Amino acid sequence: MASSLASFLLPLLLTVAASAQQIGTTTPERHPPLTTYKCSVAGGCQALNTSVVIDSSTRWLHSISTPSQGCNVGSAPCDTAEACAANCALEGVDYSLQGIQTTGDALKLNQWRQDNTTGKWQTVSPRTYLLSPTGDTYENITLLNAELTFDVDLSNLPCGMNGALYLSEMELDGGITASKGLNKAGAPYGTGYCDAQCPSLPFINGAANTAKLGACCNEMDIWEANALATAYTPHPCMAERIRTCDNDVDCGQPKGYCDKWGCSFNAYQQGYHDFYGRGKQVDTNKKFTVVTQFVSSNNRTDGKLVDIRRLYIQDGKVIQNVQAKVGGGSVLADSVTDPYCNATATWTQERGGIAHMGEALARGMVLIFSLWADDGGYMTWLDSGNSGPCNATEGNPAEIVQHTPDASVTFSNIRWGEIGSTFKA
């Protein structure tokens, strides 16, 4: 569901025509540096000089011959994929205006930005990708029989917000190779987005999407949360890396390439209402650590994914995940396994289950950080009804911006590696 940001931004995308062709020269692109860590049991954690890049949807795509004129897919000078590649350029962005701040190993995202002239709050809703130390490609993170750990502060993230950290099997070069020469910008300009929701974006891998196809790929939602509720969810697809589909025919449920719904684990949904939240066992009023382990069948990287485990650490204490009773009480699970998904998410199993998700994790995926609000559904799937304590309307973005205009999430100390290497009990 982190990928629902794609549908939330779609009207903006169709207006500004956001993705990559040639590279503009008006605004230089300077990626905010973000230190991350790759770990091993024997060698400990080694710092990487990585950085983040904002999604291409935020950027100004304009005519090369008339820079003040935007390029919109389906209209001249962008009426075909070839015409767009020849006639349109994608600009860099000023990250200070996009709700993105980095300091050392910390990344802070803000949902709204206050205009210095009018004083009004403007939606920025950033989605960023982790770049490799070279800055030319996305960092390839492989997690089969490994773990990913990070610290998070979402004390200023109310009902209706989603501060997400997730993985998507995007092309590592941002689609430069896949576009067959139509995409000149690639990963350094945030191109090539895809996820299990199969979003129909104006561009796919930098090539104009005049057929309005969906961009499908495996998605692992490691963290979707605000201060009141959280869930983690594998979304396997029946394809490697990005694949296109006809959204009206074969994308997602009830049939098709991808599992849009996923096999989700949410403690509140399992009846544990005092586990996660403000002042609760995992106290969201202050920073804490999230550990996600992807355990294979043979405890090696050539095995099959059989278990997606979750631990929390706060105030030096390891907090075990809750135990769910599903399938009429016949299955007890504190993690995402085949028995758990068989009892709660048959649609996931129809697309290869967590084993198929493990194949994507073994090949490597791109790490994504995003913050968004939900104009259409108010994020009730995450934090209302059976999923959380929020009521059905307090997630309205128009209400949130009035009461919490500085809504933000901070991810820090991001590290991945062998199981047992990224944290100390």
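**Figure 1. The end of helix 5 and the burial of its residues.** Just after helix 5, Gly-364 has a positive phi of about 115°. The model shown here and in the other views is a predicted one. Helix 5 covers residues 353–363 and is mostly covered, with eight of its eleven residues buried. Among the buried residues of helix 5 are Gly-353, Ile-354, Ala-355 and His-356. Met-357, Gly-358, Ala-360 and Leu-361 of helix 5 are buried too.

Figure 2. Glu-169, Glu-240 and Arg-363 are linked in a network of salt bridges. Glu-169 has a relative accessibility of 0% and counts as buried. Arg-363, at 25%, counts as partly exposed. In the other pair, the side chains of Arg-363 and Glu-240 form a salt bridge at 3.8 Å, N to O. This pair also links distant parts of the chain, 123 residues apart, with Glu-240 in the loop between strand 17 (230–235) and strand 18. Glu-240 counts as exposed, because its relative accessibility is 56% and the cut-off for exposed is over 50%.

**Figure 3. The salt bridge between Glu-29 and Arg-59.** A search of the whole structure finds nine salt bridges. One of them is between Glu-29 and Arg-59, whose closest N and O atoms are 2.8 Å apart. Glu-29 is in the loop between strand 1 and strand 2 (33–40), and Arg-59 is in the loop between strand 3 (44–54) and strand 4, so that the pair links distant parts of the chain, 30 residues apart. Are Glu-29 and Arg-59 buried or exposed? Glu-29 is buried, with a relative accessible area of 16%. Arg-59 is buried as well, with a relative accessible area of 1%. As a general point, side chains of opposite charge can pair when their charged atoms come close.

Figure 4. Strand 1 and strand 5 (residues 88–90) run parallel and are joined by two bridges. Ile-23 stands opposite Leu-90 in strand 5.

**Figure 5. Phe-369 in the largest nonpolar core.** The largest nonpolar core contains 86 residues. Which residues have the most contacts inside this core? They are Phe-150, Leu-154, Trp-223 and Phe-369. Strand 26 (residues 366–373) gives the largest share of this core, six residues. Apart from this core lies another, of 14 residues, which include Ala-81, Cys-84, Ala-185 and Ala-207. Beyond its neighbours within four places in sequence, Phe-369 is in contact with residues including Leu-34, Val-52, Leu-107, Leu-109, Phe-411 and Ile-414. Arg-127 and Thr-128 are also among the contacts of Phe-369. In soluble globular proteins, nonpolar side chains tend to be buried together.

Figure 6. Thr-422 lies in the segment after strand 27 (408–418). Thr-422 is buried, because its relative accessibility is 4% and the cut-off for buried is under 20%. The side chain of Thr-422 makes a polar contact of 2.6 Å with the side chain of Glu-147. The side chain of Thr-149 also makes a polar contact with that of Thr-422, at 2.6 Å. Leaving out residues up to four places away in sequence, Thr-422 touches several others, including Cys-39, Cys-45, Arg-415 and Trp-416.

Figure 7. Ser-384 is in the loop between helix 6 (380–383) and helix 7 (397–403). This serine, Ser-384, is buried, with a relative accessible area of 8%. Its side chain makes a polar contact with the side chain of Asp-383, at 3.2 Å. Not counting residues up to four places away in sequence, Ser-384 touches Cys-390, Asn-391 and Ala-392.

**Figure 8. Trp-261 and its contacts.** Trp-261 is in the loop between strand 18 (243–245) and strand 19 (276–277). Trp-261 is partly exposed, with a relative accessible area of 47%. Apart from neighbours within four places in sequence, Trp-261 is in contact with Thr-233, His-235, Gln-253 and Trp-347. The C-alpha atoms of Trp-261 and His-235 are separated by 7.1 Å, and the two residues are 26 residues apart along the chain.

Definitions and conventions. Residues are numbered from 1 along each chain as its sequence is written. This is a predicted model: local features need pLDDT of at least 70, side-chain atom pairs count only at pLDDT 80 or more; totals for chains, interfaces and linings use all residues. Side-chain values use heavy atoms; hydrogens and water are left out. Helices (H or I, at least four residues) and strands (E, at least two) are DSSP runs, numbered from the N terminus. Buried means under 20% relative accessible area, exposed over 50%, partly exposed in between (1.4 Å probe, protein chains only). Contact means heavy atoms within 4.5 Å. A polar contact is a pair of N or O atoms within 3.5 Å; within protein, one must be able to donate a hydrogen and the other to accept it, and residues adjacent in sequence count only if both atoms are side-chain atoms. A nonpolar core is a set of buried Ala, Val, Leu, Ile, Met, Phe, Trp, Tyr and Cys residues joined through side-chain atoms within 4.5 Å. Two strands pair if DSSP finds at least two bridges between them. A salt bridge is a side-chain nitrogen of Lys or Arg within 4 Å of a carboxyl oxygen of Asp or Glu.
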